[in-house]
Amino acid sequence: MARTCCPQYTIRLDSAGFKPDKKHRQVMNRFNRYLATGEKPGEGKEADANTGKKKGKVKGKGKGKPESWIDTLREGQAGYSGGEAGYKHKFEVRHH
């Protein structure tokens, strides 16, 4: 990255005040569901062959609000409050 045609800009984020919007939460939940089941969206056993949509899914029947969005983000992470127990895939954060 020493030589590039594009200038590098700093992106600042107040992480303490960050509130994920609906799309962020959907992505986090989809990722955690993938770690737990091993199935990509639309690949489920219950998926309708014609539409790819899962049968019997009722909107608005969620598990309730998690304690914090960070807990949701790190739900499937190995070594974080019991993460990966019974999960099909392993998510691990390594520090270099």
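The buried residues of helix α1 are Met28, Asn32 and Leu35, where buried means under 20% relative accessible area, exposed over 50% and partly exposed in between, with a 1.4 Å probe and protein chains only. Seen down the axis of α1, these residues fall within an arc of 55°, so they line one face of the helix; the arc is that of the directions from the helix axis to the C-beta atoms. An α-helix has 3.6 residues a turn, so residues three or four places apart point the same way.

This is a predicted model, in which local features need pLDDT of at least 70 and side-chain atom pairs count only at pLDDT 80 or more, while totals for chains, interfaces and linings use all residues. Residues are numbered from 1 along each chain as its sequence is written, and side-chain values use heavy atoms, with hydrogens and water left out.

Turning to the ends of the helix, a side-chain oxygen of Asp21 comes to within 3.2 Å of the backbone nitrogen of Lys23 at the start of α1. Just after α1, Gly38 adopts a positive phi of about 80°.

Phe31 also belongs to α1, and counts as partly exposed because its relative accessibility is 36%. Between Phe31 and Gly76, the C-alpha to C-alpha distance is 8.7 Å, although 45 residues separate them in sequence.

Key:
Helix = DSSP H or I, 4+ residues; strand = E, 2+ residues; numbered from the N terminus. Polar contact = N/O pair within 3.5 Å; in protein donor to acceptor, adjacent residues only side chain to side chain.
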